[in-house]
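Me: I would like a close look at one part of this model, with the cut-offs stated. Please connect it to the other local features where you can.

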Amino acid sequence: MTDPATAPLHNLYIHVPFCAQKCAYCAFYSKEPDGELMDRYVAALIREMELIADDQQPESVFFGGGTPSLLSVSHWRKILAAMERLDLLGAKEWTVECNPATVSRDKAELLRGHGVNRISMGVQSMDDSLLERLGRIHTRDMVLKSFETLRGAGFDNINLDLMFAIPGQTMELWRRTLEEVVEFGSEHLSCYEVIYEEDTALYAQLQAGEFDVDEELAGDMHSELCRFAAEHGFIQYEVANFARGGVDAAGIPARACRHNVNYWRAGSYHGLGPSASGYERGVRIRNVSNTQAYCETLERGERAVDFREELPPLARAGETAAFGLRMNPGWAFDEFQRVTGFDLRDFWAEEMNQLVKLGHARRDGERFQLTPQGMRYADWAAELFLRNQEDDAGIVA
């Protein structure tokens, strides 16, 4: 039997930090494209792949960003050739994020020809005025053309990212976007409520009083999303994610993003690229959030890690509980104990009872999960399960 402490990891995240321009809502690290820096990034990324290749047998790969589709065909050829040389091809699920403005037929065919089998396209809205408000560089027409291009290149597993509660967005506009997107026949939807984070343009506009947040409308939009998705054959399996296909024994639909399910179930993965986070056998790792510094460190033959944390057992289990409750199936008690070594019923009984009394959760003899009402407040519910390191005193998992 393979020892989990030494077995290669099966999930790989790669961060591409470049964006044509910063979106108004985005607080993630990104850089505007620069030819020389992009060349250095690709070379550094390949070097980082070489450093972890012996510890990686990918079953899922996810290129996120940023905008991975901003990389040129030449950049992609170099990355794909390196992955082939390092035996990193062949993942069962391989996702690349794309912006509708940067999808081309030759790039799509190159990716599909090397085993990329899932695309996640950042649509956000099908209304051009709202796209402009968000600072997106694409238009509704670009979404239509890009989807056709991806289908023509052979992609039969496409996710579309959407946003709701956008300033100026009415329920009518939200329904219209949902109606248009469903007509595409995509296999997956990821739908996120706008969050106002500091150091973003939308946050500054909110602070300046340019608009107000309508919490009631946001809640109604979320309810409409869940109703509409279910009516059109999508199964909600996580707070913001809906997929087609029959569900497995764990309650996960066939077209769910398996890479993200691994996150929510506290699985290990390597994270490569500037600002990328990884979770390597219980150790949380984050790369430096500076592309120049990332390149310089890899050019010296070193990994560009600037944060490393290993939580004590109970704190790690609480984090695992919090992530897993974002998923509709919640946690089966036996599964949680197998994954963490702890019993939810022993260490989180009070928190579970609180959520059940509020109508935010349900429990039976086998499982604890959030209700549809509770999913709306999943972030708050998750915080109840987090534990301080002091709570771990004397506990051995």
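Does Tyr269 count as buried or exposed, and at what relative accessibility?

Reply: Tyr269 counts as buried, at 9% relative accessibility. Buried means under 20% relative accessible area, exposed over 50%, and partly exposed in between (1.4 Å probe, protein chains only). The model is predicted, so local features need pLDDT of at least 70 and side-chain atom pairs pLDDT 80 or more, while totals for chains, interfaces and linings use all residues. Numbering starts from 1 along each chain as its sequence is written, and side-chain values use heavy atoms, without hydrogens and water.

Aromatic rings come next. Rings of Phe, Tyr and Trp (its six-membered ring) pair if their centres lie within 6.5 Å; planes under 30 degrees apart count as stacked, over 60 as edge-to-face and the rest as tilted. By this rule there are 15 aromatic pairs. In one of them, Tyr196 and Phe211 have ring centres 5.6 Å apart and planes at 40 degrees, so this pair is tilted. Helices (H or I, at least four residues) and strands (E, at least two) are DSSP runs, numbered from the N terminus. Phe211 is buried, with a relative accessible area of 11%.

The ring of Tyr269 is paired with that of Tyr263: the centres are 4.7 Å apart and the planes at 55 degrees, so this pair is tilted. While Tyr269 is buried, Tyr263 is partly exposed, with a relative accessible area of 23%. Elsewhere, Trp331, Phe336, Phe342, Phe347 and Trp348 form one aromatic cluster.

Some backbone angles also deserve a note. Most residues other than glycine have a negative phi, and most peptide bonds are trans. Gly65 and Gly66 are joined by a cis peptide bond, with omega about 15 degrees; Gly66 sits in the loop between strand S2 (56-65) and helix H2 (73-85). Asp87, not a glycine, has a positive phi near 60 degrees. Its place is in the loop between H2 and strand S3 (93-98), and Asp87 is exposed at 62% relative accessibility. Gln124 also has a positive phi, of about 70 degrees, without being a glycine. Gln124 belongs to strand S4 (residues 118-124) and is buried, with a relative accessible area of 7%.
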